[in-house]
Amino acid sequence: PFGYRRRNVPAPQKGFAATTLQDIAQAAGISVSAIYQQFKSKDDLFLALTDNLSFIPILDEINASLNEDKDIGYEDVRRSLIEVGEGFLKTHEQNAEIVRMFIAEARSFPEVGKRYCVRLVAPVEKLLMRYLSAQMKRGVLRPVNVELAVHSFYGVFLNFIVTQNLLVGENILIFPKKDRVKQLVDIYLMDMFNPASGDAPPDSR
């Protein structure tokens, strides 16, 4: 079998509307007829690009990191959120070209945006919501609106991905590379930490 649906589909460099199946076939080193054997149309092929974003590994890693039963203090929570942030950034950096294309085409091709949200955003937020809720109930974190807390955490890293990677602002917008995820998590936890828990974060940070 041809197996094109499981191969790396080249991201259209000219945008979805301006890219033809001939362009895609040439970039992939195959014939247009071979594409039609697997896809009904260019739209169908474009949606298949979402299959190249393998989010299952990162979701498994996040699920393993967010152990609300074992994490019983500030350091545990901090470590877990750092692992989540590192994995989230790594996944998007490895798929920067495809994610950039998704964002550019989402207005005219909304199904792409929906797939991205369904396959990554919603599962990650669900895991974080469960975890943060448990830490609030335990008293490690202050009781706040958990939905907003989750969106805020996700938004911190999404902003970095968009400005630094997708908009190529790395050389324009100053953003420290050393321990960047640790620093972002520390800033995030400043307003989330519950002083009444008695497990104060070290002053050295």
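**Cavity and nonpolar cores**

A search of the whole structure, a predicted model, turns up 1 cavity of 30 Å³ or more. The volume of the largest cavity comes to about 40 Å³. Its lining is made up of Val-84, Gly-85, Phe-88, Val-124, Leu-128, Phe-153, Tyr-154 and Phe-157. Three helices, H5, H7 and H8, each contribute at least two residues to this lining.

Attention now turns to the packing of nonpolar side chains. In soluble globular proteins, nonpolar side chains tend to be buried together. Here, the largest nonpolar core comprises 37 residues, and within it Leu-81, Leu-132 and Leu-189 have the most contacts. At least two residues of this core come from each of helix H4 (56-65), helix H5 (74-94), helix H7 (110-138), helix H8 (146-166) and helix H9 (180-190). H7 provides the largest share, with 9 residues. Apart from this core lies another, of 10 residues, including Ile-24, Ala-28, Ile-30 and Leu-45.

When its neighbours within four places in sequence are set aside, Leu-132 is in contact with Leu-141, Val-146, Ala-149, Val-150 and Tyr-188.

How values were computed: Residues numbered from 1 in each chain as written. Predicted model: local features only at pLDDT ≥ 70, side-chain atom pairs only at ≥ 80, totals over all residues. Heavy atoms only, no water. Core = buried A, V, L, I, M, F, W, Y, C linked by side-chain atoms within 4.5 Å. Buried < 20%, exposed > 50% of the residue type's maximum accessible area, 1.4 Å probe, protein only. Helix = DSSP H or I, 4+ residues; strand = E, 2+ residues; numbered from the N terminus. Contact = heavy atoms within 4.5 Å. 1 Å grid on protein atoms, 1.4 Å probe; cavity = no way out; pocket = protein on both sides within 12 Å on 5 of 7 lines; lining within 4 Å. Points joined across faces, edges and corners; volume = space filled by probe spheres on them.
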